[in-house]
Amino acid sequence: MSSDEFQDIRPFNDDEVPEVLDQLSRDPELINAVLKLKFPRLLSWLGWLLRPLTGMLIRRQVAGVRDVRSFQLVTEVYMQGMIDAKCKGLSWSGIEKIDPAKPNLLISNHRDIAMDPALINMVLHLQGMDTSRIAIGDNLLTKAWVSKLMRVNKSFIVKRSVTAPRQMLAAFRQLSHYIRHSLEVDRSMVWIAQRQGRAKDGYDQTERVIN
């Protein structure tokens, strides 16, 4: 199966990144989301000035980004700033069991579909390994800019919104083929969340497996 058959679910390729980032830097909904986060009190009466300035600032920050890796190096600064400001620390163990020369499927519990794989990828990066591709449900990608932003950061889409049996079967086949293609052909790590480890109430303990 060729990569073109995964076009609607795969992450963006390196050669697609500059155009996607330019689109994002001009997206009114993304710019408003940034302003609501940074300047919520000023948006209502200075939005006319802040919107174009914010777009220019985003374009300046990603001006030198030409591929996925360079984009992730830009986001690394914000990830590290968030860890320093919001966490007492970031620790990990067992990463020595991962052989970067082999394909690896990472499966974990999680509380936040964006932050959990982001932290996993941060650890991989700090250990000198390539980051993983991330499975994310299309139910979380309600806005076009969110989908683009996630896909430029190595996310691939799980089609949870399809309900017709034939569509579901086709979606599952495409997804499984893409994960296998990522592991065996592209030799890329893949992260997915297990069902029993999904937190709805903050309780994300993994279900015990009895051998």
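The side chains of Lys143 and Glu29 form a salt bridge, with an N to O distance of 3.8 Å. A salt bridge here is a side-chain nitrogen of Lys or Arg within 4 Å of a carboxyl oxygen of Asp or Glu. The model is a predicted one: local features need pLDDT of at least 70, side-chain atom pairs count only at pLDDT 80 or more, and totals for chains, interfaces and linings use all residues. Residues are numbered from 1 along each chain as its sequence is written, and side-chain values use heavy atoms, with hydrogens and water left out.

The Lys143 and Glu29 pair links distant parts of the chain, 114 residues apart. Lys143 sits in the loop between strand E2 (133-137) and helix H6 (144-151), whereas Glu29 belongs to helix H2 (residues 28-38). Helices (H or I, at least four residues) and strands (E, at least two) are DSSP runs, numbered from the N terminus. Lys143 has a relative accessible area of 38% and is therefore partly exposed. Glu29 is also partly exposed, at 42% relative accessibility. In these terms, buried means under 20% relative accessible area, exposed means over 50%, and partly exposed lies in between (1.4 Å probe, protein chains only).

The salt-bridge count comes to seven. Among them is the pair of Arg26 and Asp22, whose closest N and O atoms are 3.1 Å apart. Asp22 is partly exposed, with 34% relative accessible area. Another joins Arg180 to Glu184 at 3.2 Å, N to O. Both residues lie in helix H7 (residues 165-184), and their spacing of four residues is about one turn of the helix. Arg180 has a relative accessible area of 56%, so Arg180 counts as exposed.

Helix packing was examined next. The axes of helix H4 (residues 68-86) and helix H5 (residues 115-126) come within 11 Å and cross at roughly 105°. H4 is therefore roughly perpendicular to H5. Axes are lines fitted to C-alpha atoms, for helices over the stretch in contact, and angles run from 0 to 180 degrees between N-to-C directions. Angles under 35 degrees count as roughly parallel, over 145 as roughly antiparallel, 65 to 115 as roughly perpendicular and the rest as oblique. On the H4 side, the contact (heavy atoms within 4.5 Å) is made by Arg69, Leu73, Glu76, Met79, Gln80, Met82 and Ile83. H5 contributes Met115, Ala118, Leu119, Met122 and His125.

Leu53 is part of helix H3 (residues 43-61). Its relative accessibility is 45%, so Leu53 counts as partly exposed.

Backbone angles were also examined. Lys154 is not a glycine, yet its phi is positive, near 75°. Lys154 lies in the loop between H6 and strand E3 (155-158). Lys154 is buried, at 12% relative accessibility. Arg187, also not a glycine, has a positive phi of about 55°. Arg187 lies in the loop between H7 and strand E4 (190-198). Arg187 is partly exposed, at 48%.

Finally, Glu5 lies in the segment before helix H1 (17-25).
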